[in-house]
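Student: Could we go through this one together? I'd like to know what stands behind each label.

Tutor: Gladly, let's take the terms one by one.
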Amino acid sequence: MTMFTKGEEKMQPVSTTGDRPETVIGATVSVEGTFQSEENMLIEGQVTGMLSTTKNLTVGKGARIKADVTAANMYVSGEVHGNLSATGTIQLATSARVYGDVETNIISIETGAVLQG
């Protein structure tokens, strides 16, 4: 797995297999509730409640999440109000805004990201 592209030092969404997300919550979608999945997920819209996947989670730049979030690996470039827990890696992009506690084995934080936990 490569976290940075050669020469660019730019983070890419987490993927250990190159798999595409099977579950997508689009930019115009706002949902509330408990979401549990065993698939890769991409969140571009708004989620309130609880969010959990046994695979990889990508939180897009425009995403707004008010939930505790659990995944194998996470790439966050949007805003999360809640605790993050990953068994692998959490990557926070420059545009990431995380307001909650973080529990993970490896964390990568780009300059400009906000983490208040």
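Tutor: Two strands pair if DSSP finds at least two bridges between them, a strand being a DSSP run of E with at least two residues, numbered from the N terminus. This is a predicted model, where local features need pLDDT of at least 70, side-chain atom pairs count only at pLDDT 80 or more, and totals for chains, interfaces and linings use all residues. Residues are numbered from 1 along each chain as its sequence is written, and side-chain values use heavy atoms, leaving out hydrogens and water.

Student: What makes S5 and S7 a pair?

Tutor: Strand S5 (residues 56–59) and strand S7 (residues 73–76) share 4 bridges in the parallel sense. At least two are required, so they pair. Within S7, tyrosine 75 is the bridge partner of threonine 58.

Student: Why are S1 and S13 said to stand at the edges?

Tutor: The open sheet runs S1-S3-S5-S7-S10-S13, with parallel pairing. Strand S1 (23–25) and strand S13 (106–109) each have a single partner strand, so one side of each lacks a neighbour in the sheet.

Student: How do you know that glutamate 79 and arginine 64 form a salt bridge?

Tutor: Their closest N and O atoms are 3.9 Å apart. The definition asks for a side-chain nitrogen of Lys or Arg within 4 Å of a carboxyl oxygen of Asp or Glu, so the pair qualifies. The structure holds 1 salt bridge.

Student: Why is glutamate 79 called partly exposed?

Tutor: Its relative accessible area is 22%. Buried means under 20% and exposed over 50% (1.4 Å probe, protein chains only), so glutamate 79 falls in between. Arginine 64, at 36%, counts as partly exposed too.
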